[in-house]
Amino acid sequence: MPKSFIINAKHYNLCAKYYGQKIRMSKRKLTKQQTWRIERIQQERAERTKKRANKAEEALQSSDLGPETEGVVISHFGTQVEVEGTLEPYCDVSTRCNLRANLGQLVTGDKVVWRPKHTEGGVVVAKQDRNTLLQRPDMHGRLKPVAANIDNIVIVIAAEPVPHANLIDRYLVASETVEIPPVILLNKCDLIDEENQTELNTLLKTYEELGYRVIRTSTKSEQGMMELHEFLREKVSVFVGQSGVGKSSLIGTLLPDIEISVGELSQKKKKGTHTTTTARLFHMPLGGDLIDSPGIREFGLWHISEEELLEGFIEFRPHLGYCRFRDCSHEKEPGCAIRKALEDGEISSHRFNSYLRIRQSIRDNDAF
């Protein structure tokens, strides 16, 4: 074998060994672009695998499902919802439905697209846009959705004892914050006498002058009940208010069969089956829907920002942004537009005092 060939061969082997090491070293030290490319490829593979699995699941379920139709969630049961059909042939028929993945949290009042099963039950496949959403804070202060597509909030107070203006204002601010129109309902009007009549009329006149509707009712004398029925007709409403103002009597009058429904749910609970732990939608015999839940009735005590509080007092709105100082606290600063409106009688003293008390409670909560 020629000497030159042997030298070239040795040189080749050395080069191969050298470059082989370089190649192996480059595999151990990837560039950012190479790392990004590998991660992207792995992600694409994972997504393709997930899509194939979803298609396989849909194909498996589709054989057992009927065509898409529309409905409204009337209650929530753990991982399932009760859907009432709004189109024929399922109109006014309620069906227990499972949920497709990635729908988000559904609540009573949500309008949905669902598919009935040929055997029993159904599957919710899509959620439609919400017009309104009522939320309340949980024990940790986080907002939790309670009900959707509500037309008005009925703030129930009683003629006796005379309600505190600050309590009414809290409910009004909460209603304004979620942008659901409120109405004030004075219940137990049969208890109005010469001693409390003047105080009640003065209190309610303030809200009527602000444009809030006030309805006066009594379940005993049936005063104002037809007016209430007419107001609630063709609407989805919720009742809020403290204990003892007669909400149960009002709801019992509007929904004569609600006690039977609640009793049935209690019996189901004793049997260990699913029971509703959230709001439920009921149809009123004379028209309109009522969403009832203990959580909704007490929703007014929740956390809001100081900016939302100012907006929640509707008579404050025309004066916001006109104070001399940007960080005006509306207390003693010169050039305060809110205090100027107070002095001019455009804002009542009791409403302004309510604002100060609620603001202080917000600051006290933030301090903890």
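**Stop one: a covered strand**

Select residues 182-187, strand β9, and you have a mostly covered strand, with 6 of its 6 residues buried. Strands here are DSSP runs of E with at least two residues, helices are runs of H or I with at least four, and both are numbered from the N terminus. Buried means under 20% relative accessible area, exposed over 50%, and partly exposed in between, using a 1.4 Å probe and protein chains only.

Before you move on, some housekeeping: this is a predicted model, where local features need pLDDT of at least 70 and side-chain atom pairs count only at pLDDT 80 or more, while totals for chains, interfaces and linings use all residues. Residues are numbered from 1 along each chain as its sequence is written, and side-chain values use heavy atoms, with hydrogens and water left out.

Now show the side chains. In a regular strand they alternate between the two faces of the sheet. On one side of β9 sit Pro-182, Ile-184 and Leu-186, on the other Val-183, Leu-185 and Asn-187, and all are buried, so both faces are covered.

**Stop two: the neighbours**

β8 and β9 run parallel, paired over 6 bridges; strands count as paired if DSSP finds at least two bridges between them. Look for Ile-153, opposite Pro-182.

Next, bring in the helices. β8, α3 and β9 form a right-handed β-α-β unit, and β9, helix α4 (residues 197-209) and β10 form a right-handed one too. Right-handed means that, with the strands pointing away from you, the path from the first strand over the helix to the second runs clockwise.

**Stop three: Glu-176**

Which helix holds Glu-176? Glu-176 belongs to α3, residues 165-177. Is Glu-176 buried or exposed? At 17% relative accessible area, Glu-176 is buried. Its side chain makes a polar contact at 2.8 Å with the side chain of Tyr-212. (A polar contact is a pair of N or O atoms within 3.5 Å; within protein, one must be able to donate a hydrogen and the other to accept it, and residues adjacent in sequence count only if both atoms are side-chain atoms.)

Most residues other than glycine have a negative phi, and most peptide bonds are trans. Asn-149 has a positive phi near 60° and is buried at 8%. Glu-222 has a positive phi of about 65°, but is exposed at 60%. Finish at the cis peptide bond between Glu-88 and Pro-89, with omega about 5°.
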